[in-house]
Amino acid sequence: MKAAKNIVIFTGGSYGAPDFYRAVLKEQPADQIIAADKGAEMAHRLGLVPDVLVGDFDSADPAVIQALVDQGVPVERHPVRKNQTDTELAVSVALSGGAASVILFGAMGSRIDHVIGSIDTLISIEAAEAIGWLVDPHNRLRLLTGPGRWPLALAPGTTVSLIPWCGSAGPVNLAGFDYPLKEAMLTPETAGRTLSNVAAEGEQCITIRKGRVLLDIVSE
């Protein structure tokens, strides 16, 4: 695969209305598209031809896979019994392809174990110095690891949650929110403190000195 800036991965999880994903792709066009197993079905439904298919294909519609293969889409097939999920394999392909950002569709749903696993794939994306997002019609998730400063430009009234991930994080500062924070420590025991904050007028900014926080920009 050639080097790319923005790579979109269609995973095998739950999806909402197809028009949502069309809108995201219009806003953030994909340089390359990877379909992981059953994720090929949504890509095909949207009329997209992935650059590569990845996975064991134990849950994908064989007719869809064959239709894409007939269009010349290469396949990276893996055994069903393996030590990585199809999503992890697809992320590895994206990072080896030179991704600067990776957007995962379909990575959230009713299987909370898979959701947590998908969130943890953001760690490997970040380790490769790329930006990773899990996106569905209700949430946009990204991991923020300190030290760092992240300016945002959210519409006033947007709901934002911050959840300490893999331990405590801080000191954390929040500016431009209805509930600002100054030099606060976020811990798993007090995670409710930073749930359902609200973006105020103007620019918002998050700073973290140490630790990792899961950012959730909520669409209600």
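Q: Which residues in α5 do T87, E88, V91 and L95 in α4 meet?
A: This is a predicted model, in which local features need pLDDT of at least 70 and side-chain atom pairs pLDDT 80 or more, while totals for chains, interfaces and linings use all residues. Numbering starts from 1 along each chain, and side-chain values use heavy atoms, without hydrogens or water. Helices are DSSP runs (H or I, at least four residues) numbered from the N terminus, and contact means heavy atoms within 4.5 Å. The α4 residues T87, E88, V91 and L95 meet T121, S124 and I125.

Q: How do the residues of the contact of α4 with α5 divide by class?
A: Asp, Glu, Lys and Arg count as charged; Ala, Val, Leu, Ile, Met, Phe, Trp, Tyr, Cys and Pro as nonpolar; the others, Gly among them, as polar. The contact of α4 with α5 has three nonpolar, three polar and one charged.

Q: Which element gives the most to the lining of the largest pocket?
A: A pocket is an open set of points on a 1 Å grid where a 1.4 Å probe fits, with protein on both sides within 12 Å along at least five of seven lines; lining residues have an atom within 4 Å of a point. The largest pocket has 24 lining residues, with G12, G13, T87, H114 and S118 nearest its centre. Both α4 and α5 give two or more residues to this lining. With six residues, the most comes from α5.

Q: How many residues in the lining of the second largest pocket are nonpolar?
A: This lining includes W133, R140 and I217. One residue is polar and two are charged, and the nonpolar ones number seven.
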